[in-house]
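Biologist: Before we discuss this model, I would like each label to be set against its cut-off. Could we go through it term by term?

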Amino acid sequence: MRKDRLAYFRKRLLEKQRQLVEEVGKSALYGKDQEDDSIKDLGDQANTAYTREFFFELGNGDRRLLRDVVSALQKIDDGSFGSCERCSETIADKRLEALPFARYCINCQRVVEEEERMATG
Ligand SMILES: [Zn+2]
């Protein structure tokens, strides 16, 4: 993928990450003695214990989404961004445009969701 496209997706992912962290930060503050600074810095510290704690605080959907966003940012860094994690095919540009944090191509997404449905009964 071209560098300017990667930069574009990185920007969008960072924005999404910040949004999620802020949302989670607000709700997680209740009954917590976190300092404001730790919340603000969170976006820059994807792998800290704080982040792991926040993953725990998140609802299932948001937690998964934030995890996928962080993982997509890592993939931009290691050069695997835009490839399906299951079949390694290139994920359609349209799909990435709509979901920059997508882990799978559209076909594998269906299969994975079906498998999850079976697993959770
Ligand atoms: Zn695939």
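This is a predicted model: local features need pLDDT of at least 70, side-chain atom pairs count only at pLDDT 80 or more; totals for chains, interfaces and linings use all residues.

Biologist: What makes the arrangement around the zinc ion tetrahedral?

Modeller: The zinc ion is coordinated by the SG atoms of Cys 84, Cys 87, Cys 105 and Cys 108 at 2.3 to 2.4 Å; donors are N, O and S atoms within 2.8 Å of the metal (3.2 Å for Na, K and Ca), and a site may look incomplete as water is not among the atoms. The 4 donor atoms subtend angles of 104 to 117 degrees, and four donors count as tetrahedral if all angles lie between 85 and 135 degrees, so the arrangement is tetrahedral.

Biologist: How are the donor residues spaced in sequence, and what makes Cys 87 and Cys 108 a pair that ties together separate parts?

Modeller: The spacing is C-x2-C-x17-C-x2-C. Cys 87 lies in the loop between α4 (60–78) and α5 (93–98), whereas Cys 108 is in helix α6 (residues 106–120), so the pair ties together parts that are 21 residues apart in sequence; helices here are DSSP runs (H or I, at least four residues), as strands are (E, at least two), numbered from the N terminus. By accessibility, Cys 87 at 34% counts as partly exposed, and Cys 108 at 5% counts as buried.

Biologist: Why is the ring pair of Phe 9 and Phe 81 called tilted?

Modeller: A search of the whole structure finds 2 aromatic pairs. In the pair of Phe 9 and Phe 81 the ring centres are 5.3 Å apart and the planes stand at 45 degrees; rings of Phe, Tyr and Trp (its six-membered ring) pair if their centres lie within 6.5 Å, with planes under 30 degrees apart stacked, over 60 edge-to-face and the rest tilted, so this pair is tilted. Phe 9 lies in helix α1 (residues 3–28) and Phe 81 in the loop between α4 and α5, so the pair ties together parts that are 72 residues apart in sequence. Ring pairs link Tyr 8, Phe 9 and Phe 81 into a cluster, and Phe 81, with a relative accessible area of 7%, is buried.

Biologist: Which residues touch the most other members of the largest nonpolar core?

Modeller: Of its 21 residues, they are Leu 13, Val 69, Ile 76, Phe 81, Cys 84 and Phe 101, where a nonpolar core is a set of buried Ala, Val, Leu, Ile, Met, Phe, Trp, Tyr and Cys residues joined through side-chain atoms within 4.5 Å. The elements giving two or more residues to this core are α1, α4 and α6, and α4 gives the most, with 7 residues.

Biologist: How do you know that the span of α6 agrees with expectation?

Modeller: The expected span of a helix is 1.5 Å times one less than its number of residues; the 15 residues of α6 should therefore span 21 Å, and its end C-alpha atoms are 21 Å apart, which agrees.

How values were computed: Residues are numbered from 1 along each chain as its sequence is written. Side-chain values use heavy atoms; hydrogens and water are left out. Four donors count as tetrahedral if all angles lie between 85 and 135 degrees; four count as square planar and six as octahedral if opposite donors are over 155 degrees apart and all others between 65 and 115; anything else is irregular. Buried means under 20% relative accessible area, exposed over 50%, partly exposed in between (1.4 Å probe, protein chains only).
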